[in-house]
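Please look at the sequence and the structure shown here before reading on. The paragraphs that follow lead through the fold, the rings, the loops and the pocket.

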Amino acid sequence: MTFTFAPATPDDLHALRDLHIDSWRRAYRGMVSDAFLKDGVVAALGRRWQSFPEPHWIVETARENGRLAGFVTVDRHKGPGAYVDNLHVAARAQGRGLGRLLMARAAAILAGEGVARLWLTVIRENAQARAFYRAIGGEEGPGQPDDLFGEPIVSLPVAWSDLPALAALGGDEISAPAAPNDA
């Protein structure tokens, strides 16, 4: 693996948006309407990536040969703990452990800040993502009706309460994370 990791910058906004849109179109087919995946996702995520997230967010990128290969975003203020808002890996980089490395990197940053819990929500029908989160130690909670930009879904919370263990899944590849985005 030849991934390099670094905090995102405002110059990354277009690449983050494009990867986010592509990832949702691939992952959420059959879970939300085709109309949303065709046009709605472009509008929703275009608005989301018009500006850089607030300083209390972690936005970490992975690059391969200079191109964005994946990213993770974490909201430190959506508790309890910190909330993984997004984890996306480009199709060309999938199956090579990048999602695990990005989650480990986020956990390492948060553990270094004294955060004890990391959590996210996943669409109930997203079997691939659910299996991935379980494989890296996530514990699922009960499903709840939810709304994804007007699309009705059932989401499941997934949580990690041992961030050093999650960080250790990155091995030496993430052992020295860069300073948080708000440093």
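**A walk through the predicted model**

At 45% relative accessibility, F149 counts as partly exposed, because that class covers values between the 20% under which a residue is buried and the 50% over which a residue is exposed. F149 is found in the loop between strand 7 and strand 8. The backbone of F149 deserves attention as well: its phi is near 50°, a positive value in a residue other than glycine.

The overall fold can now be set out. The chain has 5 helices and 8 strands. Read along the sequence, these elements follow the pattern β-α-α-β-β-β-α-β-α-β-β-β-α. The radius of gyration of the chain is 15 Å, close to the 16 Å that the globule rule gives for 183 residues, so the chain is as compact as a globular protein of that length. Along its principal axes, the C-alpha trace spans about 40 × 35 × 30 Å. Of the 183 residues in the chain, 46% are buried.

The aromatic rings come next. How many aromatic pairs does a search of the whole structure find? The search finds 8 of them.

Another aromatic pair is formed by W49 and F71, with 5.7 Å from centre to centre and 85° between the planes, an edge-to-face arrangement. This pair links distant parts of the chain, for W49 lies in the loop between helix 2 and strand 2 (57–64), while F71 lies in strand 3 (residues 67–75), 22 residues apart. W49 is buried, and F71 is buried too.

R48 lies over the face of W57, at 5.2 Å from the ring centre. K78 lies over the face of Y83, where the distance to the ring centre is 4.1 Å.

Several loop residues can be followed in turn. The loop between helix 2 and strand 2 holds F52, which is partly exposed, with a relative accessible area of 24%. F52 and A8 are 44 residues apart along the chain, and their C-alpha atoms are separated by 9.0 Å. In the loop between strand 2 and strand 3 lies N65. Is N65 buried or exposed? N65 has a relative accessible area of 74% and is therefore exposed, since the cut-off for that class is over 50%. N65 has a positive phi of about 50° although it is not a glycine.

Further along, the loop between strand 3 and strand 4 contains G79, which counts as partly exposed at 44% relative accessibility. G79 and L118 are 39 residues apart in sequence, and 8.7 Å separates them in space, C-alpha to C-alpha. R124 is found in the loop between strand 5 and helix 4 and, at 39% relative accessibility, is partly exposed. From R124 to W57 there are 67 residues in sequence and 25 Å in space, C-alpha to C-alpha.

The last stop is the largest pocket, which holds about 1,100 Å³ of space. Of the 39 residues that line this pocket, Y28, L87, H88, N126 and Y133 are the closest to its centre. Among the elements that give two or more residues to the lining are helix 1 (13–27), helix 2 (34–48), helix 3 (98–112) and helix 4 (127–135), as well as strand 5 (118–123), strand 7 (144–148) and strand 8 (151–160). Which strand gives the most to the lining of the largest pocket? Strand 4 does, with 7 residues. By type, the lining residues divide into 19 nonpolar, 12 polar and 8 charged.

Methods. Residues numbered from 1 in each chain as written. Predicted model: local features only at pLDDT ≥ 70, side-chain atom pairs only at ≥ 80, totals over all residues. Heavy atoms only, no water. 1 Å grid on protein atoms, 1.4 Å probe; cavity = no way out; pocket = protein on both sides within 12 Å on 5 of 7 lines; lining within 4 Å. Points joined across faces, edges and corners; volume = space filled by probe spheres on them. Helix = DSSP H or I, 4+ residues; strand = E, 2+ residues; numbered from the N terminus. Nonpolar A, V, L, I, M, F, W, Y, C, P; charged D, E, K, R; others polar. Phe/Tyr/Trp six-rings, centres within 6.5 Å; stacked < 30°, edge-to-face > 60°. Buried < 20%, exposed > 50% of the residue type's maximum accessible area, 1.4 Å probe, protein only. Lys NZ or Arg CZ within 6 Å of the ring centre and 35° of its normal. Rg over C-alpha atoms; globule rule 2.2 N^0.38 Å.
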